[in-house]
Amino acid sequence: METLISSQSPQYVFAVSHASDVAAVRRAGQKLADSLGFNETRAGQLALIITEAATNILKHAGEGEIHVGPAQSPAGIGVDVLALDRGPGIADLAGSLVDGVSTAGTAGTGLGALHRLSDEFDVYSTPGAGCAFFMRLWRDVPGPSPCGVEVGALWTAIRGEEACGDGWAVACEASGATLLAADGLGHGPDAARAANGAIGALERRGPLGASEMMHLAHEALRPTRGAALASARIDFEADELRFAGVGNIGAVAIDETRRALVSHNGIVGHNMRKVQEFAVPFGPGALCILHSDGIETRWDLDKYPGLRGRSPTLIAAVLMRDYIRGRDDAMVLVVRRVAEKA
C-alpha cells in the first residue's frame, strides 16, 4: 500500500525575538494538537516542548524561529517542532543536555526537558554557527513505518505572500519511493496551484518511475502556469536512484560519493522538450537532497561536521537557514534511505 507525505500538510513558521512570541507559538501548537486529536496530557507535553524551545532561543541566541507542523512520517499521527537560531551555538552539547547545566544563569533544565519530553529528538550545533533542534511528539504509540526512507523538508513563501509556490512529495511502498520537488513559476497562489497540481498527479497514481512521473505531471500542469520539476525513484532492490528533471531544481545524491543530478531546460506543463533519466547508486544510508532555486547552490555538507548523519529534518533546516536567498519561495527536501536492519 502506498503512503504519501507532502507539502500539502501545513507547516507554520514563527519568528521568535520577544517573550510575547513564545505564547503565540504555544497557542498555534495547541490548536494543531487539538486538530490532530491529541489528549490533554500529550497536548500539554507539546506545549512544554514549544515553550522550552522558544525560551531557549531567547536566552541563548536572542532571536530565531520555530517551525511547527504534522509529523513528516507515515508511522502515525504526530507533531514536529523545529527550533532554529544563528546564535553562538553550544560548545559542550552533550553536557548541555544534562539537567542542571546552564550557560545563562538559569536552572539548566530546558534542553534536558526537550530531550525527555520528545518521543524523537535530535540536535545539531557548532560553536559560533547557531543551533537546530528537532523534536517529534506522537499522538499515540507509532506503528512500524511502511516506508524504507526518512523524510525531512522545509518550505516557505517569499515575504509578503501566504501561499508557497514550492512543493514536494514522497510516495513510498515496499519496493521503493518516488520523490517529487516542484517550483511553480513565479510565486503566490498561481505558483502554488502548479506545484500542487504535480503533487496531485503523484497522489492519484501508484508507484512511478522518474520519467513517467515527469510526463504525467506535464499533462496535469497544462492548465497552470507550469513549473520546474524534478522526480526521483529509489529502487530498494537495485540499490539505485533514477532521476529526471526539467527546470531549475537543485538535486544531489550522496552515497559513497556526492553526485549532482542534471536537469534539462524547459517548463513542465508547457515546453518540456526533453526528459532524460540518470541512474546512480543509492544504498542504505544514502541521501537525496532536492531544493528550489530559492536556495543557493554552493552548499556543501562537508562544511558541517557530523550533519550528514543527523535527522533529515535537521539537514534541511541547516541548509534552509544558511543558504536561503530571501527573494523567492524556498524549499528543501531531504530523503535518507533507511539502513537495513541487522
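Q: Before we look at helices, how are axes and angles defined here?
A: Axes are lines fitted to C-alpha atoms, for helices over the stretch in contact, and angles run from 0 to 180 degrees between N-to-C directions. Helices (H or I, at least four residues) and strands (E, at least two) are DSSP runs, numbered from the N terminus. This is a predicted model, where local features need pLDDT of at least 70, side-chain atom pairs count only at pLDDT 80 or more, and totals for chains, interfaces and linings use all residues. Residues are numbered from 1 along each chain as its sequence is written, and side-chain values use heavy atoms, leaving out hydrogens and water.

Q: Great, so at what angle do helix 1 and helix 2 pack?
A: Helix 1 (residues 19-35) and helix 2 (residues 40-60) pack at about 155 degrees, with axes 9 Å apart. That makes helix 1 roughly antiparallel to helix 2 (angles over 145 degrees).

Q: And which residues make the contact?
A: With contact meaning heavy atoms within 4.5 Å, helix 1 uses A19, V22, V25, R26, G29, Q30 and A33. Helix 2 brings A43, L46, A47, I50, T51, A54, T55 and L58.

Q: Switching topic, what does W168 touch?
A: Not counting residues up to four places away in sequence, the partners of W168 include I5, Q72, W155, I199 and L333.

Q: How about helix 5 and helix 6, how far apart are their axes?
A: The axes of helix 5 (residues 189-204) and helix 6 (residues 210-220) are 9 Å apart, at an angle of about 125 degrees.

Definitions and conventions: Angles under 35 degrees count as roughly parallel, over 145 as roughly antiparallel, 65 to 115 as roughly perpendicular and the rest as oblique.
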